[in-house]
Amino acid sequence: MKKTHLIPLFIFILLALLLYRGLSLNSRNIPSPFIGKPAPAFDLPRLYQKDQRISAKSMKGQVWIMNVFASWCQSCRAEHLVLSNFIRHYKVPTVGLNYKDYGVKDYGNDVINWLAQLGNPYIAIAIDTEGRTGIDYGVYGVPESFVIDKKGIIRYKFTGPIDQKAVTETLVPLILKLRQEPA
Amino acid sequence: MKHSMHLLLLSFFITLSLSFSLSLYAGSIETYTFKTAEQEALYKGLIKELRCLVCQNQDIGDSNAKLAQDLRRQTYEMISKGSSREDVITYMVERYGDFVLYRPPFKMKTLLLWVGPPLFLFLSLLFLFKFLRNRPKTAEIELDKKQRESIRALLK
């Protein structure tokens, strides 16, 4: 048998492997174009102190997390306890971006009850009623969490509800590493 | 009497279903007004080219998702402020990555995507031709004199 007869078989195996790999990929996990880029600026009113504002600039100099959440989002409820424990235990300043929730006709101030019930781990909550800051951060499905370093550069993005595995394996080592970096 | 009753009921249901489908349609597409026809054409073209990231098999013009509505609004606002096609595309790619484009750009990372299918077709055709050319010609069956005669006898 000539060797060239094996080539189609070889191509078939290659293609099968490629497609098999495609099956196990999560199509929701779209690579974020933000990694290594400065966190987009925002300046939004705060949830409990509406005369005050919170901005990306004011968070500079520390390693912080921006967590995009909403009271209408079921997965946000699912991640809330794990996220809160992580934030409290490692004292990570976390800004909540309340995405298309507070002030939206259908939800009103549901988020206040939501946080009263589940606890509020955030140092500040920015209100993004129209979702414009969400667009600037390329948000396409809440919850999403951005890890931002002392220089204000986005270093990591987690899409979907954070679970304990993500905390132990990814977030904790990353936060500890980033804290070592100069401001 | 019975007949007209039926007719009445039928027309009632037709009107109901029509108005229902119309109201659904009105709910999904906002009406934006543009200063020029070029802007409107640009908008309509762009919303067919940008992918909705929530419902990944729909463009933002087709999708009813909240995010698609927001991106349509963003596209509209940029266009009415005079942004070009490239401006809007750059804006979207900066935020959502190449994934937001239904027509991905040609670069190293997407090389396989662009080159793969034609290359595969070319290779397949190459193999097909080679196979057809090298295939041994169907051997003609040689018959000896005796066999030939017996066949002729059969055909008589």
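The model is predicted, with local features requiring pLDDT of at least 70 and side-chain atom pairs counting only at pLDDT 80 or more, whereas totals for chains, interfaces and linings use all residues. Residues are numbered from 1 along each chain as its sequence is written, and chains are lettered from A and ligands numbered from 1 in the order in which they are written.

The helix α4(B) itself comprises twelve residues and extends 16 Å from its first C-alpha to its last, close to the 16 Å expected at 1.5 Å a residue; the expected span is 1.5 Å times one less than the number of residues. Its buried residues are V88(B), M92(B), R95(B) and Y96(B). A residue is termed buried if 20 or more other C-beta atoms lie within 10 Å of its own, exposed if 12 or fewer, and partly exposed in between, with C-beta atoms placed from the backbone. Viewed down the axis of α4(B), the buried residues fall within an arc of 80°, so they line one face of the helix; the arc is that of the directions from the helix axis to the C-beta atoms. E86(B) and T90(B), on the other side of α4(B), are exposed. The buried residues pack against α4 (132-136) of chain A as well as against α2 (37-49) and α3 of chain B.

Between the chains, 14 residues of chain B are in contact with 13 residues of chain A, a contact being defined by C-beta atoms, placed from the backbone, that lie within 7 Å. On the side of chain B that touches chain A, the elements giving two or more residues are α3 (66-80) and α4 (85-96) of chain B. The residues of this side comprise seven nonpolar, three polar and four charged. For this division, Ala, Val, Leu, Ile, Met, Phe, Trp, Tyr, Cys and Pro count as nonpolar, Asp, Glu, Lys and Arg as charged, and the others, Gly among them, as polar.

In chain A, strand β4 (residues 94-99) is mostly covered, six of its six residues being buried. T94(A), G96(A) and N98(A) point one way from β4(A), while V95(A), L97(A) and Y99(A) point the other way. Strand β3 (residues 64-69) of chain A pairs with β4(A) in the parallel sense over five bridges, pairing requiring that DSSP find at least two bridges between the strands. Within β4(A), G96(A) is the bridge partner of N67(A). The chain passes from β3(A) through helix α2 (residues 74-89) of chain A to β4(A) in a right-handed β-α-β crossover; right-handed denotes that, with the strands pointing away from the viewer, the path from the first strand over the helix to the second runs clockwise. A parallel pairing over five bridges also joins β4(A) to strand β5 (residues 124-128) of chain A, where I125(A) stands opposite G96(A). Together, β4(A), helix α3 (residues 110-118) of chain A and β5(A) form a right-handed β-α-β unit.

The loop between α3 and β5 of chain A contains Y122(A), which counts as buried with 25 C-beta neighbours inside 10 Å. Leaving aside neighbours within four places in sequence, Y122(A) is in contact with T94(A), V95(A) and G96(A). G119(A), found in the loop between α3 and β5 of chain A, is exposed, with 11 other C-beta atoms within 10 Å.

Technical notes. Contact = placed C-beta atoms within 7 Å. Helix = DSSP H or I, 4+ residues; strand = E, 2+ residues; numbered from the N terminus.
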